[in-house]
Amino acid sequence: MIEALFIALSPSYLMYMTIGILLGLIVGTLPGLTATMGTALLVPFTFALPTGEGIAMLGGLYVCAMFSDAIPACLVNTPGTPAAMATGFDGHPMVKQGRGQEAIVAACFSSALGTMFGAACYLLLAWPMISIALKFGPPEFFWLGIFALTIIGSLAGDSILKGLAGGAIGLLISCIGISHATELNRFTMNIPELRGGVSLVAALIGVFAVPQVLSMVLGLRKQEYIAEYRAEKGVILKTMIKVLSKPIHFLRSASIGSFIGILPGAGSPIAAIVSYNEAVRWSKDKSKFGKGNIHGVTASEIANNSAAPAAMIPLVTLGVPGSSPAAVIAGALMLRGLNPGPELFATDGVLVYSFGWSMFIAGIVVFFVGLLATPLLVKVIKIPLRLLAPLIMFLAIIGAYAIRNNIFDVYLMLAIGIFVFLARRLGFHPGPIGLGFILGPIIEPSLVQALYISDAVGVQKIFFSGTINITLISLSVLSITAVALSRFKARRAAKLA
Amino acid sequence: MKIKLETIFKGALTTFVGMSMAFTANIAFADYPEKDITFIVPYSPGGGSDQMARRLQPGLEKALGVNVRIVYKTGGGGAVGFSELHRSKPDGYTISNVVVPNVILSSKGDGVGYKPGDFEYIGMTESAVGALMVPKDSPYQSLDAFVAAAKEKPGMLTVAGVGGTGADRWGALADILGIETTYVPVSGGVGKMMPMLAGSHVDAGMTASNHATKHSSIVDALVVAGTQEVGTLKGVPFEPEWSYVTTWGIMAPPGTPADIVATLNAALNEAASDPSVADTLGKAGYNTIIQTIDEVNALMDAQIKAYE
């Protein structure tokens, strides 16, 4: 393993990895360009390189995109990739309070730490972690999805009912298209483009970017800029201390992120959501979340970044990629005649470990690249709204189009955006709707599969037995009760007053 | 008046130049391909179709001289990707994997929007017979043990397959073996099935035998389809009555011009004949296929009839 470290530290590894990281910075910042697409576009260029350098470059792009997607999430409330949705919940309020630099530095530092944690798991704990991950079957995935949905309780704002309705709308929209398990056409209204379902990326751009632009335009007479911003001295060090002052918060977010990253099919977006939810649960002052709490940003960023190296664990232990970018990296290996899987440890062990080390080092490089880029990036806040609004709209349209090269996705993005804008005026929070989009594709197929299995073994046994199921159900019930209780108390206090 | 004549003359000249440009543009169409080609993979990353696309990608790019971009359109046992291809422009710039018989079986779904006879088939490159596989630590280490257990408790054993198409194929083997089990459809593809097997969330899985070769650290094959042993799965019994063969190839949207199909067929065969591709296929437990367009069309006609 030490030999692998020296290989990962060789100049050529570091150089190609840094190139990957710089590309990742661009890919993650632009909504619509996801880490999957970025790595897939880069694969042909890695053919000219030796295998190790090639995958280090792809890995660098992947982990950096998991950081840089926080930039648009914070600055303009539009996540760069689905994984940064939870980052924006607190990141954007921070920017609005004039703490733009602090938000970006927090995202950058926690991303770096998260990446290093995930890479350490990959290097040290790959086998024990995968043996736990394998215990996740269809019913466990179903309950994980339900548990992640309980975050609605902390997102919903003034009305829990509107939060639930928003989540349901998101879930229903995610059902559009040919069903996952059997070839059944649902809610497609004879529009052929809808058969493939609503594109998650386009839908999320619609949920977040379009309402943002519309409210910018409406508020133009009152407001010239997104927020006040002035550079502050010493903010970098102060922010780093703030992040480091909560070691338990870090460990919790990073463990959740790495573990969910391992589960094939779950990936960074769900890791970030669950981690954010847990940060709220364990916090003493829950009311601060969603209003610019720095730990909301770090919870999401630590988790989605530690999930990225962790998604490589099932690839090297089982031969099954844990996320779509991991699948692209698997493809890059297969094209070189390498069969990603447990055999790779035996035949190319050095490659497996040097990849882990380069992801670890990538964490450090991301931090410095991020710090260097921050002063430049926060200048976005200084763009007057009359220029910024059309710019965001332009990027939103490009992004929605680029994800599938389909103009229909642009119309859909606009329609969803206008809908969410109107819903927001009625007091709906866009978060639960986006949550439904992300969780639907996890919850629905696993529910269907679990129901099929229940034909053989019975509903009670499949859904309500097993340690993981019971734990997830208890946590979900606990979440819901806690929300109900705190709302009940708040209401009584309001009555008494 | 003179000026007016000149204007008319200029107008006529412009029209002429315009028309001739349009005409040359028409001829330039023969220079296909002149931009990147999108390659739809209708199953999830890491599955058989994904591997095939990635294996052929460099060869296709070399033969065609443009980039081939791989995009995933997964769901509905492949129906999502197939229907996406079906309504793509038939200009040769969008192609897709085709898996036979999945493309035929999935078209029977309600309103999926395509018929297997609609597409322009470019060629098949590999095939593999079906296999029934169990997790490494399964209590059923032989076909006899599995059949005995299934007969003892009918409907209690779970068998995973891909989408609704897998149900058909599993049903055929279950009938031959005379057993009754519970079928569990996996969405997306084999990439999602292997973790379910590795974690013993289902009792068995049924898919093409090449996956049993690739994932030999996770699963053991109990039986394969066809009349002979599979080279990479020595000692696994074969079932001659079970005619499950999966064939992989490439197809284009309905109405793609014949010359473009011919160009793609030539490029595909060049990519598939590459020694490294053939070597990988052999080691992975596939049969390699090189086909002319007539051969692939004959194969498809026969397959469509067989599944009617």
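I take a residue as buried if 20 or more other C-beta atoms lie within 10 Å of its own, as exposed if 12 or fewer do, and as partly exposed in between, with C-beta atoms placed from the backbone.

**Entry 1. Conventions**

I note that this is a predicted model, in which local features need pLDDT of at least 70 and side-chain atom pairs count only at pLDDT 80 or more, while totals for chains, interfaces and linings use all residues. Residues are numbered from 1 along each chain as its sequence is written, and chains are lettered from A and ligands numbered from 1 in the order in which they are written. Helices (H or I, at least four residues) and strands (E, at least two) are DSSP runs, numbered from the N terminus.

**Entry 2. Two loop residues of chain A**

I looked up A:F187 in the loop between β2 (185–186) and α12 (200–218) of chain A. A:F187 is not a glycine, yet its phi is positive, about 50°. Is A:F187 buried, exposed or partly exposed? A:F187 counts as partly exposed because it has 13 C-beta neighbours inside 10 Å.

I then turned to A:F47, which sits in the loop between α3 (35–46) and α4 (51–68) of chain A. A:F47 also has 13 C-beta neighbours inside 10 Å and therefore counts as partly exposed. From A:F47 to A:R336 the C-alpha to C-alpha distance is 8.6 Å, although 289 residues separate them in sequence.

**Entry 3. Helix pairs of chain A**

For helix pairs I used axes that are lines fitted to C-alpha atoms over the stretch in contact, with angles from 0 to 180 degrees between N-to-C directions. Angles under 35 degrees count as roughly parallel, over 145 as roughly antiparallel, 65 to 115 as roughly perpendicular and the rest as oblique. Two residues are in contact if their C-beta atoms, placed from the backbone, lie within 7 Å. For residue classes, Ala, Val, Leu, Ile, Met, Phe, Trp, Tyr, Cys and Pro count as nonpolar, Asp, Glu, Lys and Arg as charged, and the others, Gly among them, as polar.

I found that the axes of α4(A) and helix α18 (residues 324–334) of chain A come within 10 Å and cross at roughly 170°. The two helices, α4(A) and α18(A), are therefore roughly antiparallel to each other. On the α4(A) side, the contact is made by A:G54, A:I55, A:L58, A:G59 and A:Y62; on the α18(A) side, it is made by A:P325, A:I329, A:A332 and A:L333.

I next examined helix α11 (residues 160–174) and helix α23 (residues 430–457) of chain A, whose axes come within 7 Å and cross at roughly 40°. That angle makes α11(A) oblique to α23(A). The residues of α11(A) that meet α23(A) include A:G163, A:G166, A:G167 and A:A168; among those they meet in α23(A) are A:P432, A:I433, A:G434 and A:L435. The contact of α11(A) with α23(A) has nine nonpolar, eight polar and no charged residues.

**Entry 4. Chain B**

I recorded eleven helices and eleven strands in chain B. Of its 308 residues, 52% count as buried. Among contacts in chain B between residues at least 6 apart in sequence, 76% join residues at least 24 apart.

An automatic or database domain assignment supplies the domain bounds, and chain B is divided into domain 1 (30–127 + 246–307) and domain 2 (129–239). The C-alpha centres of these two domains of chain B lie 26 Å apart. I found 19 residues of domain 1 in contact with 22 residues of domain 2 in chain B. On the domain 1 side, helix α4 (residues 102–106) of chain B gives the largest share, three residues. That side of domain 1 has five nonpolar, 14 polar and no charged residues.

**Entry 5. Backbone details of chain B**

I noted a cis peptide bond between B:Y32 and B:P33, with omega about -5°. B:P33 lies in the loop between α1 (2–28) and β1 (37–41) of chain B. Another cis peptide bond joins B:V100 and B:P101, with omega about 10°; B:P101 is in the loop between β3 (94–100) and α4 of chain B.

**Entry 6. Chain B against chain A**

I found 52 residues of chain B in contact with 45 residues of chain A. On the chain B side, α7(B) gives the most, with six residues. By class, this side of chain B has 18 nonpolar, 25 polar and nine charged residues.
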